[in-house]
Amino acid sequence: MKISSLRKHAFTSSAITQSDIRRVTVIGSGQMGSGIAQVAAMKQHEVTLVDVNQEALERGKGYMSKSLKRVAKKKFPEDAKAQNQFVEKALGHVTLSTNASKSVSNAGLVVEAVVENLKAKQNIFVKLAMEAPDNAILASNTSSLPIAKIAAPLTLSQRKRFIGLHFFNPVPQMKLVEVVRSDEVDQKTVDDAVAFVKSIGKTPAVCKDTPGFIVNRLLLPYMMESIRLLESGVASARDIDTAMKLGAGYPMGPFELCDYVGLDTIKFIVDGWYKEGAGLKGNKLFESSKKLDELVQAGSLGVKSGKGFYDY
Ligand code: CAA
Ligand code: NAD
């Protein structure tokens, strides 16, 4: 089965072009997926945004509308009509779908942004890699999982087209995208991914497939140390946030940032690394904390659930 599918790819697939990559399918319409869909649509890419049900898709559309209105207000400060046109034009480039198979059948790029769970991501790619065109780029927005591990169940031809595209929250505002290369990805895929990132107005940083890539490898220890500082009673969450904003110039304090990212996502990341992160396993920096466990257990996941370290 694997060999015959390799032959098929070797003889029938033609190289992907930048115009093919303008057809983007985003799987997962949460905070990140809706942001990725939005920034691609703002640059006139044809985007299909997929989630498991209509309710999730409508929530994703709500995130996009709200954010697009902010962007439009800045672009056309005195012109309500131009603001509306801008929002409608961008939304006009996004199709919502609960049918993942159909939505990838003509895609040049598939970006996955579902829950931070290895099995869930692998299941999606095993199914969709077969249904997407033979030359489509397959990308994960994982925060912490090894790109090679997500791609492991795929064929070699699919793994050569598999890459990490790590966006930052809030996607419309954060300028960076980490382009994460596994040992197996081919150079053309890396080059095409970098060109895509630039085409949507972002700045790429290419890096190796190591836990946390660049940003999260530095950010997660900071977040976890902040939670431990709170647990040890040194200061309140509010005072630690104020200290880091006014004393270190950070735009958000660590607890505001944890709530913004999502406490479930943070817990998935640190638990994964503590249990089996390459070079990080057993590292005390990533040991879970009682406070984080309690909040996640209670469903207090931060801004997205209305409650976390703070109430929203
Ligand atoms: N959509 C569009 N624009 C947005 C936006 C959104 N969702 N959120 C904020 N903005 C824009 C605002 O319109 C405003 O624009 P101007 O300055 O041009 O007027 C600008 O961002 C600042 O917004 P605000 O004045 O409302 O608020 P702020 O000054 O507090 O900034 C922030 C908000 C940009 C989120 C800022 O607090 C910030 O940069 N925080 C840190 C975010 C961060 O570190 N993100 C990375 C998280 S880690 C991650 O994502 C990786 C992972 O895998 C977990
Ligand atoms: P989220 O909880 O806001 O959204 C996840 C979405 O995926 C939900 O709408 C859910 O219904 C959907 N989903 C789950 N299974 C699905 C499936 N099989 N098919 C289609 N949709 C499915 O999460 P998020 O914060 O957007 O994070 C998504 C991914 O992005 C995670 O891998 C996370 O680690 C990564 N990430 C998060 C951040 C952040 O700051 N939150 C930043 C960068 C990367």
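Is Gly-33 buried or exposed, and what is its relative accessible area?

Analyst: Gly-33 is buried, with a relative accessible area of 0%. Buried means under 20% relative accessible area, exposed means over 50%, and partly exposed lies in between, with a 1.4 Å probe and protein chains only. The model is predicted, so local features need pLDDT of at least 70 and side-chain atom pairs count only at pLDDT 80 or more, while totals for chains, interfaces and linings use all residues. Residues are numbered from 1 along each chain as its sequence is written, chains are lettered from A and ligands numbered from 1 in the order in which they are written, and side-chain values use heavy atoms, with hydrogens and water left out.

Gly-33 sits in helix α2, residues 31–42. Helices (H or I, at least four residues) and strands (E, at least two) are DSSP runs numbered from the N terminus. Not counting residues up to four places away in sequence, Gly-33 touches Val-26, Gly-28, Leu-49 and Ala-113; contact means heavy atoms within 4.5 Å.

Ten of the twelve residues of α2 are buried, so the helix is largely enclosed by the rest of the structure. Among them are Met-32, Ile-36, Gln-38 and Val-39. The end C-alpha atoms of α2 are 17 Å apart, in agreement with the 16 Å that its twelve residues should span at 1.5 Å a residue; the expected span is 1.5 Å times one less than the number of residues.

Just after α2 comes Gln-44, with a positive phi of about 65°, although Gln-44 is not a glycine. Most residues other than glycine have a negative phi, and most peptide bonds are trans. Gln-44 lies in the loop between α2 and β2 (46–50) and, at 35% relative accessibility, counts as partly exposed. Phe-213, in the loop between β8 (203–208) and α10, also has a positive phi, near 55°, but at 7% relative accessibility Phe-213 counts as buried. The peptide bond from Asn-169 to Pro-170 is cis, with omega near 5°, and Pro-170 lies in the loop between β6 and β7 (176–181).

Another glycine, Gly-164, is found in strand β6, residues 162–167, and counts as buried at 2% relative accessibility. Leaving aside neighbours within four places in sequence, the contacts of Gly-164 are Ser-140, Ile-147, Glu-178, Val-179 and Val-180.

Helix α13 (residues 263–276) has 14 residues and reaches 20 Å from first C-alpha to last, close to the 20 Å expected. Its buried residues, including Leu-263, Ile-266 and Trp-273, pack against α10 (215–231), α12 (254–261) and α14 (290–297).

As for the whole chain, there are 14 helices and eight strands, and buried residues make up 49% of the 312 residues. The radius of gyration is 20 Å, which agrees with the value near 20 Å for a compact globule of 312 residues; the radius is taken over C-alpha atoms, and the globule rule is 2.2 Å times the number of residues to the power 0.38. Along its principal axes the C-alpha trace spans about 65 × 55 × 30 Å. Of the contacts between residues at least 6 apart in sequence, 70% join residues at least 24 apart.
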